[in-house]
Amino acid sequence: MSLPVRTSASGTGTAAGRAAATPPAAGPTPAELLDFVRRSAADTDLVSSLPLDPEGRTWIRLNGPAGSEAWLIGWPPGTGTGWHDHGGSHGAFATASGTLKEDSLAARLPTEGWKTLELAEGVDRERQLTAGEGRAFGRHHVHEVRNESGAEHAVSVHAYYPPLPLMRRYSRTGAVLRLEQVERPEEWQ
């Protein structure tokens, strides 16, 4: 498998970039997080407690296992995350209702020192996750998730360990991935 082939430098590394590269301490594995999100997605009382908004995503923070961060998220028709990573955390998510589409990259990206990457052919992956389906991912996962339905809400459960130190947001045009923004936890909690 090819890795990204071209980068544009953005300067020196940052403390946030170094923190994201630090391996997580002992905690739940991706498989344990996947088990948690699947069980949570099957909890009809929990899922029905989420208020759904026709205009934008809604969420409730959950108590994840062993110090992990977890979220119950509602997705109105046509909404999505855009391309992003999880700042060095591993995780899992499962669909509780509706269908979510995930596009991901099967390549490990550098965490700092670039603004644009030209992706090699064959790094794109796509999957549909219907109610009851989930997936785990590692510390270097880059993806976007969306509800492509024109009429139906989707609901999902997500868990991360360690709790998200940051999220990097990207834009994508063809094979070019561009770092657009770095978000910190205080911006989404």
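These notebook entries record what I looked up in the structure.

**Entry 1. Basis**

I worked from a predicted model, in which local features need pLDDT of at least 70, side-chain atom pairs count only at pLDDT 80 or more, and totals for chains, interfaces and linings use all residues. Residues are numbered from 1 along each chain as its sequence is written, and side-chain values use heavy atoms, with hydrogens and water left out.

**Entry 2. The chain**

I looked up the secondary structure and found three helices and 13 strands in the chain. Helices (H or I, at least four residues) and strands (E, at least two) are DSSP runs, numbered from the N terminus. The chain has 189 residues, and 46% of them count as buried. Buried means under 20% relative accessible area, exposed over 50%, and partly exposed in between, with a 1.4 Å probe and protein chains only. I then turned to contacts, where contact means heavy atoms within 4.5 Å. Among contacts between residues at least 6 apart in sequence, 78% join residues at least 24 apart.

**Entry 3. The nonpolar core**

I took a nonpolar core as a set of buried Ala, Val, Leu, Ile, Met, Phe, Trp, Tyr and Cys residues joined through side-chain atoms within 4.5 Å. The largest one has 17 residues, and those with the most contacts inside it are Phe36, Val37, Leu72, Val155, Val157 and Ala159. Two or more residues come from each of α2 (30–41), β3 (69–75), β5 (90–97) and β11 (154–161). With five residues, α2 gives the most to this core.

I listed the partners of Leu72, leaving out residues up to four places away in sequence. Leu72 touches, among others, Leu46, Leu50, Trp59, Ile60, Val155 and Val157.

**Entry 4. Ala70**

I found Ala70 in strand β3. Ala70 is buried, with a relative accessible area of 0%. Not counting residues up to four places away in sequence, Ala70 touches Phe36, Ile60, Arg61, Leu62, Gly64, His158 and Ala159. I also checked Ala70 against Tyr160: they are 90 residues apart along the chain, and their C-alpha atoms are separated by 6.4 Å.

**Entry 5. Aromatic pairs**

Rings of Phe, Tyr and Trp (its six-membered ring) pair if their centres lie within 6.5 Å; planes under 30 degrees apart count as stacked, over 60 as edge-to-face and the rest as tilted. I found two aromatic pairs in the structure.

Trp114 and Tyr170 form a stacked pair, because their ring centres are 5.7 Å apart and their planes lie at 5°. Trp114 lies in the loop between β6 and β7 (116–118) and Tyr170 in strand β12, so this pair ties together parts that are 56 residues apart in sequence. Trp114 is buried at a relative accessible area of 3%, and Tyr170 is buried at 7%.

Phe137 and Tyr160 form a tilted pair, with 6.3 Å centre to centre and 50° between the planes. Phe137 lies in strand β9 (residues 134–137) and Tyr160 in strand β11, so the pair ties together parts that are 23 residues apart in sequence. Phe137 counts as buried at 4% relative accessibility, and Tyr160 is buried at 8%.

**Entry 6. Ser104**

I placed Ser104 in strand β6 (residues 99–105). Ser104 counts as buried because its relative accessibility is 4%. Its contacts, not counting residues up to four places away in sequence, are Trp83, Val123, Asp124, Arg125, His141, Val142 and His143.

**Entry 7. Cavity and pocket**

On a 1 Å grid over the protein atoms alone, a cavity is a set of points where a 1.4 Å probe fits but cannot get out, and a pocket is an open set with protein on both sides within 12 Å along at least five of seven lines; lining residues have an atom within 4 Å of a point. Grid points are joined across faces, edges and corners, and a volume is the space filled by probe spheres set on the points.

I found one cavity of 30 Å³ or more. The largest cavity has a volume of about 70 Å³. Of the 12 residues that line it, Asp85, Leu109, Thr111, His140 and Arg168 lie nearest its centre.

The largest pocket has a volume of about 320 Å³. It is lined by 17 residues, with Arg57, Ile73, Met167, Arg169 and Trp188 the closest to its centre. The elements that give two or more residues to this lining are β3, β10 (143–146), β11 and β12 (167–173). The largest share, three residues, comes from β3.
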